Amino acid sequence: MTNFFHNQKIIFQTILVMLIFGLVFALVLGVFYEKTNPVILKSEAEAKKRMLLSLIESVEHDNDVEQDFFEIKPNVLLGNKKSSKAYRVKNGDELNAIILETRAPDGYSGDIFLLVAINKQSEIITTRVIKHQETPGLGDYIDIEKNPWIDIFKETSLGNPSEKLWAVKKDNGDFDYISGATITPRAVIKALKNTLLFFESNKNKLGFNNV
Amino acid sequence: MFKKAVIDGLWKQNPGVIQLLGLCPTLAVTTTVVNGLSLGLATVIVMIVANASISPIRRFIPDEIRVPIFILVIAASVTVIDLAIHAYAEPLYKALGIFIPLIVTNCIVLARVESFASKNPILPSFYDGLFMGIGLCFVLVLLGGMREFLGKGTLFSGLDLIFGQNYKDLSLEFFSNYEGFLLAVLPPGAFLGLALLIALTNWIDQKK
């Protein structure tokens with residue numbers, strides 16, 4: 001009987017120690033999270049603003065692009081499962097360009113998130129990959145930090161190159177790619193083409209009334 | 001004590017080529033020197049913090065449940081480091097960010113805590129974490145270098161992502177129009193490269 005009580009005591013002691021450790025470290029993490037979170041949110045917002053501005057360096061605008069957005073409901077062409085944002089780039093009252101959030105669902109691993117700036121003439125001004133999980137050193141050349149590849153889409157549109165040529169050269173298309181990783185650029189090209197199709201069929205709704 | 005930590009960490013007990021612990025990130029991430037170095041540095045920080053925080057509380061940890069508590073402490077310190085780098089060293093986070101959470105699952109951290117920090121005072125534990133980390137970092141950089149050179153014909157590409165724009169010129173490109181040797185960049189290349197490094201280590205050890 002004493003043995004039973006002795007065992008029970010050890011069990012409770014162990015539980016107590018584990019509990020105390022859990023609580024102490026939960027507290028440490030909580031305090032640290034509270035302290036760092038505002039800094040992180042602020043720097044993420046700044047990074048987003050920098051990213052948006054870098055997309056439209058060549059476009060005249062005087063509005064606060066980061067604040068001037070509207071929501072787009074889930075759409076097959078944009079691949080968004082929740083509503084995504086579209087940013088207006090305006091100069092005075094004139095809408096010069098629009099920045100769309102889009103995603104390529106068929107990358108090598110996970111969705112590839114892109115921002116695409118499109119001008120009045122339905123041309124891509126610039127596009128950037130903002131989030132992806134492609135293989136480091138292989139498919140990650142779609143990231144501007146690693147490779148300037150993504151800039152081949154500058155000034156492209158559905159007519160330039162013609163719709164059939166929106167593919168990598170391997171698939172008889174018009175776009176270069178880096179050998180060894182074709183799934184990734186295929187996904188990006190398809191997503192951009194779909195984004196342009198979306199833009200074309202919703203031009204009025206996006207605010208380009210008098211073009 | 002200091003000297004022993006240096007010799008053990010860098011050579012005799014090297015985590016990468018002798019203990020062969022923490023192979024998962026070692027093999028997965030070392031496609032370039034810079035990736036290897038990034039993961040290596042992050043691991044050094046985690047190992048120092050984990051060792052130094054387990055050692056002073058080692059008397060309060062019951063033997064029966066030491067492993068869950070070690071994991072708890074390691075996971076908490078990795079999260080703290082992750083948050084701190086994200087908040088106060090944004091450029092570094094962009095380069096290291098994806099690697100830091102990986103370190104929780106790295107066996108070498110748990111192994112050093114279990115076999116060293118839980119039995120030794122704080123200062124030796126600190127040195128142990130530091131030099132074991134540097135030893136692993138060294139192997140990661142070497143392996144990354146081999147794979148990058150063979151696979152892409154470059155060295156140090158992307159160094160500016162960690163240390164800033166000034167270092168962009170340090171990137172070396174050895175061949176113009178190099179087609180690339182894909183095997184070296186893909187996972188099998190990591191196994192072959194590591195095997196070569198282990199063979200080299202054993203060969204040097206035997207010659208002595």
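In chain A, strands β1 and β2 (residues 84-91) run antiparallel and are joined by four bridges. Two of the residue pairings along these strands can be named: F69(A) has Y87(A) as its bridge partner in β2(A), and E71(A) stands opposite K85(A), also in β2(A). The model described here is a predicted one.

The pairing continues from β2(A) to β3(A), again in the antiparallel sense, over six bridges. Across this pair, R88(A) stands opposite I98(A) in β3(A). The two strands form a hairpin with two residues between them. In the turn of that hairpin, G92(A) has a positive phi of about 65°.

These strands belong to an open sheet of five strands in chain A, arranged in the order β1-β2-β3-β4-β5 with antiparallel pairing. From one strand to the next, the twist averages 25°. Helix α2 of chain A, residues 183-201, packs on the sheet and touches β3 (94-104), β4 (112-119) and β5 of that chain. The direction of α2(A) makes about 140° with that of β3(A).

Several backbone features lie in the loops of chain A. In the loop between β4 and β5 of chain A is S122(A), a residue with a positive phi of about 60° although it is not a glycine. S122(A) counts as partly exposed because it has 16 C-beta neighbours inside 10 Å, and residues are placed in that class when the count lies between the limits of 12 or fewer for exposed and 20 or more for buried. The loop between β5 and α2 of chain A holds N172(A), which likewise is not a glycine and has a positive phi of about 60°. With 9 C-beta neighbours inside 10 Å, N172(A) counts as exposed. P161(A) also lies in the loop between β5 and α2 of chain A. The peptide bond leading from N160(A) to P161(A) is cis, its omega being near 0°.

In chain B, two helix pairs were examined. Helix α3 (residues 33-54) and helix α7 (residues 122-152) of chain B have axes that come within 8 Å and cross at roughly 170°. An angle over 145 degrees counts as roughly antiparallel, and α3(B) and α7(B) are therefore roughly antiparallel to each other. The crossing in which α3(B) passes α7(B) is right-handed. The residues of this contact comprise 19 nonpolar, 10 polar and two charged.

The second pair consists of helix α4 (residues 66-88) and helix α6 (residues 107-117) of chain B, whose axes come within 10 Å and cross at roughly 125°. That angle makes α4(B) oblique to α6(B). The crossing of α4(B) and α6(B) is right-handed. On the side of α4(B), the contact is made by F70(B), I71(B) and I74(B), which meet V109(B), L110(B), V113(B) and E114(B) in α6(B). By class, the residues of the contact between α4(B) and α6(B) divide into six nonpolar, no polar and one charged.

Helix α4(B) also takes part in the contact between the two chains. This contact draws 21 residues from chain A and 24 residues from chain B. On the side of chain B that touches chain A, α4 and α9 (182-185) of chain B each supply at least two residues. The helix α4(B) gives the most to that side, with 11 residues. The side of chain B that touches chain A has 15 nonpolar, seven polar and two charged residues.

Conventions
Residues are numbered from 1 along each chain as its sequence is written. Chains are lettered from A and ligands numbered from 1 in the order in which they are written. This is a predicted model: local features need pLDDT of at least 70, side-chain atom pairs count only at pLDDT 80 or more; totals for chains, interfaces and linings use all residues. Axes are lines fitted to C-alpha atoms, for helices over the stretch in contact, and angles run from 0 to 180 degrees between N-to-C directions. Angles under 35 degrees count as roughly parallel, over 145 as roughly antiparallel, 65 to 115 as roughly perpendicular and the rest as oblique. A crossing is left-handed if the near helix is turned anticlockwise from the far one by less than a right angle, and right-handed if clockwise. Two residues are in contact if their C-beta atoms, placed from the backbone, lie within 7 Å. Ala, Val, Leu, Ile, Met, Phe, Trp, Tyr, Cys and Pro count as nonpolar, Asp, Glu, Lys and Arg as charged, and the others, Gly among them, as polar. Two strands pair if DSSP finds at least two bridges between them.
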